Amino acid sequence: MDWPALTVSLTLAALTTLVLLPLGLALARWLAVTAWGGRAFIEALLLLPLLLPPTVIGFYFLVAFGQGSPLGAWLAASGWRLVFSLEGLLLVSVLVNLPFMVQPIQRAFAAVPHSLREAAWVSGLSGWQTFWRIELPLAWPGLLAGMALTVAHTLGEFGVVLMVGGNIEGETRTLSVSLYDKVQGMDLQSAHVMALALVGVSLLALSLVLAFDRVGQRGRALQER
Amino acid sequence: MSGLQVRLRSASPIRLEAEFDCGAGELVALVGPSGSGKTSMLRAMAGLWTPADLQGHIRVAGQDWLNTASGVQLSPQQRRAGLVFQHYALFPHMSAQANVALAAGPGWTAADVQALLVRLGLGVLSQRRPAQLSGGQQQRVALARALVRVMPTPQTTSAAPGATTWPGVLLLDEPFSAVDAPTRQALYRELAALRQNVSVPMVLVTHDLSEARRLADRVVIVDAGHTLQTGQPARVFASPRNARVAELVGIQNHFAGCFFKDQPGWGRLRWTDPAQPAQCIDLTVVDKNKIGDGTPVTWVLNGEQVDVLADGAPLPVAGQGRTRLRCCLAEVLSLGEISLCTLTPETLPGQTITLNLTTRLLARLQVGAGGWIQLLIAPGALHIMPVREAAA
């Protein structure tokens, strides 16, 4: 088992989830209730990482933040290096995980009947109070599902990690990249251990997602009664 | 002015022209078919429906909730509107107690909320969530949640009893449509009992005429966004202002005709069958000088004021001014003590009159389906309305 790689993977997953949660929450809530005409375009943009090969995202990331680009040069001058660093990996990880975080939360907020918001307003609750006391408690299964999916997907990410992060031990070498290394080096014993660990974590995360989804459905069924 | 005053007008998205008042402690029912705009009116009062071109004012106890002339528009939070939603819209993740407490103002303690729930028969159920309650129980929680918005805060009451009337309005959006009939009857009684203690204007939206008749002090007939007629239920049902109102309140025996002036104080109502313009019946009516000579009218026959005689029986002495009409009993549907009878006049066989006659009377006259009887129609049994002008 490559312990430093596991640490990098877990750190990346935790940070990605932490950064993405408020961002995804705001985006998802807005998408769930907005009547703005450009909503479909934003939704398509958010789903794009699901369809694009990770290499495309990695390529554009390198183009945007590499030493050759003005942005990359400016960042380098101010002491930031996004290419081949954990920070860069985090940034790209947040981008590719957007659909995994936003989708379940958006569905959860959209499932809250509008009449409940109105009932809250008529009862004297402000928009914020309605969000915190009515909408969020009803949408929490969606939040948990989004977090579980983000963790699982971050642990399994490979192509974009290799392109953006490279393969620096203790910094950007994640479990999936390390697994690739071990297979290349014919160390199948270690490969087996890591592959099994990834399967286990992903299975656990998916089970959680489905369990939360069921809780969410039950909640919706109650509201419709 | 302690009541509610509503004057609203909008052109889109819904054409609306609403005008009605509701006194403190009074219950006014907005009655109309679905899509008539009655729910939009209610939502406008709560501040939930605010189209850009809405004009007019909503005034509660002298305070403007909406006044487009002076640019006043209170938010739903600022209005003291207790709204019972059609499907209750209870917060599913909260107990009954928490649902009500959420809407209660700062003067309410948990014990006050519990006392209200006890009064509504929800005492032992207060810690249950909506999904664990029956439809009728959920409805009562929704009612309690609306009531805490409009009732005086308990502490104020004890400090100065009756001194402060809270400028609130209780709004009920089809509150009884989703419960079964026995539960509905129980809820009707509870609402009636509750009214003794609540002295705010109450507006009920319903499409159920009998419900409006039973619960409301006054009804407002709503159609296509317009408030057509306002009045006590018995009055509106007995004398609808025009043919559309008559149709909406489900009046039977509703016919077309033409009004002619006769001797001073008297008129003739010429009843015609549009399918056979050659035939007609003239009925004697009172001329109230409201309708011009030769005006096309629609009219209603109030079956409760019609006397029935055996065929061939002589006209009673007191029969002055009454029109005698020989009719065939086309159909008799016995409903126990009452028989629902369909009659066709001899001279206008294309028209039908529906009357509820006692089964005993039919037995006494020894007449059944296919037989003949005479109707004696007093002028007072005829209500004449001008044909409604095309909607403005």
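S12(B) pairs with strand S13 (residues 266-273) of chain B in the antiparallel sense, over five bridges. The model is predicted, and the exercises below start from this pair.

## Exercise 1
Find the bridge partner of B:Gly257 in S13(B), and describe the hairpin of S12(B) and S13(B).

**Solution**
1. Across from B:Gly257, the bridge partner in S13(B) is B:Trp271.
2. The hairpin of S12(B) and S13(B) has four residues between the strands.
3. In this hairpin, B:Gly265 takes a positive phi near 90 degrees.

## Exercise 2
Follow S13(B) to S14(B): state how they pair, how many residues lie between them, and which residue stands opposite B:Leu269.

**Solution**
1. The pairing of S13(B) and S14(B) is antiparallel and runs over eight bridges.
2. These strands form a hairpin, with two residues between them.
3. B:Leu269 has B:Leu283 in S14(B) opposite.

## Exercise 3
Turn to strand S12 (residues 254-261) of chain B and describe its pairing with strand S15 (residues 295-301) of chain B. Name the residue opposite B:Cys258.

**Solution**
1. S12 and S15 of chain B are joined by six bridges, in the antiparallel sense.
2. Opposite B:Cys258 stands B:Pro296 in S15(B).

## Exercise 4

**Solution**
1. S13(B) pairs with S12(B) and with S14(B).
2. S12 of chain B also pairs with S15 of chain B.

## Exercise 5
Summarise chain A by its secondary structure, its extent, its burial and its contacts.

**Solution**
1. Chain A has ten helices and zero strands.
2. Along the sequence its pattern is therefore written α-α-α-α-α-α-α-α-α-α.
3. The C-alpha trace of chain A spans about 65 × 45 × 25 Å along its principal axes.
4. Chain A has 225 residues, and 41% of them count as buried, the cut-off being 20 or more other C-beta atoms within 10 Å.
5. Among the contacts in chain A with a separation of 6 or more, 76% are between residues 24 or more positions apart.

Note on methods. Residues numbered from 1 in each chain as written. Chains lettered and ligands numbered in written order. Predicted model: local features only at pLDDT ≥ 70, side-chain atom pairs only at ≥ 80, totals over all residues. Pairing = 2+ DSSP bridges. Buried ≥ 20, exposed ≤ 12 C-beta atoms within 10 Å, placed from the backbone. Contact = placed C-beta atoms within 7 Å.
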